[in-house]
Amino acid sequence: MLTSRFEFDAIGTSWEIETPAPLREDIREHILDIVERFDSVYSRFRKDSIVMRISEAKGVGSFTFPSQAVTMFDLYDRLHAATDGAVDPLVGRDLELLGYDREYSLAPRPREEGLLRPSWHRDVIRDGSQLTTRRPLMIDLGAVGKGYLVDIVADVLEKAGLGDFIVDGSGDMRHRGSSALDVGLEHPLDPEMVIGVANLNNRSLCASAPNRRRWGDTLHHVLDGRTGQPTMDVIATWAVAADTAAADGLATALFFGSASRLMAAFDFSYVRMFADGRVEASGNFEGELFT
């Protein structure tokens, strides 16, 4: 039974780690150090991050990320291809223009005229963890970054000998243990309701819904990389996969296009809810839907 909870804030949101007994102080400090270093590299809200250096580069620039970035960049390559460019880490500038900027102004600004929208496969040359760019680009790793950080934290726990735990990065969740976990699927239009329950057993579950980061009637943080505009057809997604980075990225990818195409490229299960109220689930989803 998981009776102890370690709570902290990281990368702009709340986290919880549940374990059978309180975590040792050295493990807690190690986890907090890891999340701080992760944020210092990948955040588009910090002036000292590599991401911000890329956004300020005037001409050709070469930037070396930690080796861990290869996992995220490889995943973005696959998601970008499977969604015809809809999932793209270069939507950072679009988010800023829509008002989701470093100051959280939530005030949309006019778009630059005549500039070709950036694209991950065209505007970035990648060699492992090294990126070469030809112009300023604002990278936003929100589609996979939090999930990957959950995996890193879970790896710390496993190396410390813990076999039973839940790491919950505010909706991005990894479960390890002998007993399955029932997780409610929150209704995107009513947080007091659930549309079903997922049975999570030594896997990761990620949820995504625009209602958590919405400003104005049509503005939210889930953008189509091909247009730079918020998506409207799907209003909530849940993806279950072996690792949290993949589940996180797939929860975003499910807002765009064909789920069958994603399932041909990735091993996962899913539920998604459309704006018209329809709910769709994969045949391999383990759980129960109430609608």
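**Notebook: loops, cores and rings**

I started at N202, which lies in the loop between strand 9 (190–200) and strand 10 (204–208). Strands here are DSSP runs of E with at least two residues, helices are runs of H or I with at least four, and both are numbered from the N terminus. The model is predicted, so I note the limits: local features need pLDDT of at least 70, side-chain atom pairs count only at pLDDT 80 or more, and totals for chains, interfaces and linings use all residues. Residues are numbered from 1 along each chain as its sequence is written, and side-chain values use heavy atoms, with hydrogens and water left out.

**Backbone**

I checked phi of N202 and found a positive value near 55°, in a residue other than glycine. N202 counts as partly exposed because its relative accessibility is 33%. My cut-offs: buried is under 20% relative accessible area, exposed is over 50%, and partly exposed is in between (1.4 Å probe, protein chains only).

I then looked at D84. Its phi is also positive, about 55°, and D84 is not a glycine. D84 sits in the loop between helix 3 (69–82) and helix 4 (92–97).

**Overall build**

I counted 8 helices and 18 strands in the protein. The radius of gyration is 19 Å, close to the 19 Å that the globule rule gives for 291 residues, so the protein is as compact as a globular protein of that length. That radius is taken over C-alpha atoms, and the rule is 2.2 Å times the number of residues to the power 0.38. Along the principal axes, the C-alpha atoms fill a box of roughly 55 × 50 × 35 Å.

I looked up burial next: 52% of the 291 residues are buried. For contacts (heavy atoms within 4.5 Å), I took those between residues at least 6 apart in sequence, and 61% of them join residues at least 24 apart.

**Cores**

How many residues does the largest nonpolar core have? It has 69, and those with the most contacts inside it are I17, I31, F65, V167 and F268. Helix 6 (residues 145–159) gives the most to this core, with 8 residues. A second, separate core has 16 residues, including A198, I235, V240 and F285. A core here is a set of buried Ala, Val, Leu, Ile, Met, Phe, Trp, Tyr and Cys residues joined through side-chain atoms within 4.5 Å.

Beyond four places in sequence, its contacts include W15, I17, V150, V153 and L157.

I also checked H187, found in strand 8 (residues 181–187). H187 counts as buried because its relative accessibility is 14%. Apart from residues up to four places away, H187 touches M193, V194, I195 and M273.

**Rings**

I found 8 aromatic pairs. Rings of Phe, Tyr and Trp (its six-membered ring) pair if their centres lie within 6.5 Å; planes under 30 degrees apart are stacked, over 60 edge-to-face, and the rest tilted.

Why is the F6 and F8 pair tilted? The planes of F6 and F8 are at 40°, with ring centres 5.0 Å apart, so the pair is tilted. F6 is buried at 8% relative accessibility, and F8 is buried with a relative accessible area of 8%.

The rings of F65 and F73 have centres 5.3 Å apart and planes at 90°, so that pair is edge-to-face. F65 and F73 are buried. Ring pairs link F38, Y42, F65, F73, Y76 and W120 into a cluster.

Last, I looked at R278. Its charged end sits over the ring of F274, 4.1 Å from the ring centre. The test is NZ of Lys or CZ of Arg within 6 Å of the ring centre and within 35 degrees of the ring normal.
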